[in-house]
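Dear colleague,

Please find the structure below, followed by a summary of what was found in it.

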Protein chains: 2
Amino acid sequence: MTEPSRILLDEAELPRRWYNIVADLPSPPPPVLHPGTLRPVGPDDLAPLFPTALIEQEVTDDRWVDIPEEVLDVYRLWRPSPLHRAHRLERALGTPAKIFYKYEGGSPAGSHKPNTAVPQAHYNAAAGIRRLTTETGAGQWGTALAFACSQYGLDCEVWQVRASYDQKPYRRIMIETFGGVIHPSPSELTAAGRAVLAEHPDSPGSLGIAISEAVEVAAGRTDTNYALGSVLNHVLLHQTVIGEEAIAQLAKVGLSPDLVIGCTGGGSNFGGLAFPFLREKLAGRLDVTIRAVEPASCPSLTRGVYAYDFGDTAGLTPLMKMHTLGHDFIPDPIHAGGLRYHGMSPLLSHIYELGLIEAVAKTQRECFEAGIRFARTEGIVPAPEPTHALAACVEEALRCRETGEEKVILTALCGHGHLDLAAYGAYLAGELVDHEISAEQLGASVANLPVVPG
Amino acid sequence: MTEPSRILLDEAELPRRWYNIVADLPSPPPPVLHPGTLRPVGPDDLAPLFPTALIEQEVTDDRWVDIPEEVLDVYRLWRPSPLHRAHRLERALGTPAKIFYKYEGGSPAGSHKPNTAVPQAHYNAAAGIRRLTTETGAGQWGTALAFACSQYGLDCEVWQVRASYDQKPYRRIMIETFGGVIHPSPSELTAAGRAVLAEHPDSPGSLGIAISEAVEVAAGRTDTNYALGSVLNHVLLHQTVIGEEAIAQLAKVGLSPDLVIGCTGGGSNFGGLAFPFLREKLAGRLDVTIRAVEPASCPSLTRGVYAYDFGDTAGLTPLMKMHTLGHDFIPDPIHAGGLRYHGMSPLLSHIYELGLIEAVAKTQRECFEAGIRFARTEGIVPAPEPTHALAACVEEALRCRETGEEKVILTALCGHGHLDLAAYGAYLAGELVDHEISAEQLGASVANLPVVPG
């Protein structure tokens, strides 16, 4: 083997700046609207929930944002992350394609989420905030925020969807191990939670309810803010360390990608990987195809509408123009919890509308098949979310076997699947079925979109 | 921060040879005896279970053994592993000591076990073997062997202690994800299993029974061999890549350790870390203290006797002179499953008898406390086994705070705790108690040692 299996960067090569794609787009994304006035939200609307530094990052059109030394210091626990060449997967597929994967599973939380949890905790601590609240579904984001809070002496309070809280105790324990406090949602601790419980004492909860509880607590206390793990501009901004490192790593072996493939839920992993490459493409320095892969059961880019919608199920958040299946869309249960979101990052939606990226949808059994093939060749059990990207990589690599093209394919393996093994067990036992959204289901939820005069 | 958080080696710096401490000891370890004849076992006795290459490694006194290219090729998936400086733990402890940890949790199985599973699978495949059998308790070793077999096209059949099989499905699913076949033990598939089930239909199993089943199947088929994950000389030999890399990594920052601390169960993690440093000490090139840390509930080095004993509970294996609590000793239930072994590697026991290393025992709550402190500072949730070493590191670092000594402390973080979170949950809920072996318990099991004329 002449080419290395892993391309490593040393600490001196850690990126010092996050990249803001907004600076290089032909047009800016549409504004976020206040749900009452339908006018663009301003910093004052966001101040009860977020510190000034993050609000500024949310709206800036500066191309680069310096990463604070206090954040770099924590990033160094696991960054720069390795870029792997999938020699064994290539051999198993008999493909002339070169497949690279940027592995984020070595982070404290086991995913890419700490890339933004750490700066969010830092900026809040620097602003004098003592506690962060958030919601979590399966628990990846709650784990990342609990870790980040432990690094800056912040309390971390997490509302976890009760169904996950009861069924997936490992994530809950991991959050507690990092010092976080976790409540099943709906809870008796908030008016929002009590209202739900009064009507449905056995409510299994939802991400929408958990958001309402976390936001209510943050809005009601001056020493407490709220943190979000995807969707927003500043979250995608922080994740661009992934793509910046990957560019430097591929350059070390004299390569650049023909195809960048990432999975999309709220969009932060995909944006973090893709935006630096998109900059190179927009500047005419790189001829690259950028492909988003979403679950067929929750296909906001490929089947959703591009419209103003709420970020949460309950309709409490500002209105964002985005690809959406409708805020009251309930996806069929699939195991890639991190991809079960009705909407898509407004920034990524805008970029998709501009025709700068493409999107495909995959059903879950094809994804788990790719995940198991990957585990048996590359030795890493991937989280269910990135198996969507892996399925698309396998598809493309097999296409290259037909055509003989030696394409360079880059993907982000955004997390390990150690706490998702029950889903692998279900797949191996033949218990999983493929879900695709029906036209009726889509029509019904899209019919409930808020009316925004255009 | 002037010193790096992680010291990385590139692939060209991967060790090319395993180190055999036997070559440098003042006396060789006592021979392994046949349980029937009480005479030293020869290669023919081992041939039904192991390939020639591994039998040769078991008995060699060559100082160096070349690592085959086919093994290096798989090692490169995760090796060289990183050496971390525990800056944050040091700060939290207020110690002038410098604490380094060699992290093996990034391997495919999440522990140091693949360091030997990979060469064992390679040598068996090269010898024409088609299938490996083994036993596993909690499942770490079974996972490592299933991964290794997937790399060389071998079938892997694992007998897992039924209590773990039923209670810890994640490890079982991970073994299956890597392509292994797993049976709860006792099983109906072997005479040994059927005999147990006839008497105790609801038997929860034991490591001893599982060994008997795996060995029976391997011994009865010419295309099938058996693999062991610790205790034996060739296993410790393979693990020395850990210590060799650590020497090179510390040299990059101009340091050498004053103290090397590792946890001990069967001894493979400890030997792998410590033996290369012990070579340097024996050669007079390094003044270092080497400390083994074992659980107070299963303290073979600090409380056991040094005598010939069986390697398994049922008394089927050859007799090995080792520190032992007696082969029918049943440790109180503690969560560090990998440390629950009645004996200790004969090679390590011999080295302890020579006075070249020291040993201490730790109770589990102190260990989990250290594990949580580590998670909240360094961001990695450690497996319960290495929390024993971490507890000893914390103890020493606090001693340095008193004395002002700037000791360099090196430990091996031999695995992550992602699949051990239930134990953390029990600790956080205050449900764990400390077990120490009683004099009666020890006396009773040591009274059953086999009689070997000296």
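Four salt bridges link chain A and chain B in this predicted model, a salt bridge being a side-chain nitrogen of Lys or Arg within 4 Å of a carboxyl oxygen of Asp or Glu. One of them pairs R91(A) with D73(B), with 4.0 Å between the closest N and O atoms. Helix 3 (69-75), helix 4 (87-93), helix 6 (140-152), helix 8 (169-177), helix 16 (364-378) and helix 18 (421-428) of chain A each provide at least two residues of the side of chain A that touches chain B; helices are DSSP runs (H or I, at least four residues), numbered from the N terminus.

In total, 43 residues of chain A are in contact (heavy atoms within 4.5 Å) with 43 residues of chain B. The two chains bury about 3,800 Å² between them, 56% of it on carbon and sulfur atoms; buried area is the accessible area (1.4 Å probe) lost on putting two parts together, summed over both.

Within chain B, the axes of helix 16 (residues 364-378) and helix 17 (residues 384-403) come within 7 Å and cross at roughly 85°. Axes are lines fitted to C-alpha atoms over the stretch in contact, with angles from 0 to 180 degrees between N-to-C directions. Helix 16 and helix 17 of chain B are therefore roughly perpendicular (65 to 115 degrees) to each other.

Residues are numbered from 1 along each chain as its sequence is written, and chains are lettered from A and ligands numbered from 1 in the order written. Local features need pLDDT of at least 70 and side-chain atom pairs pLDDT 80 or more, while totals for chains, interfaces and linings use all residues; side-chain values use heavy atoms, leaving out hydrogens and water.

With kind regards

Terms used:
Angles under 35 degrees count as roughly parallel, over 145 as roughly antiparallel, 65 to 115 as roughly perpendicular and the rest as oblique.
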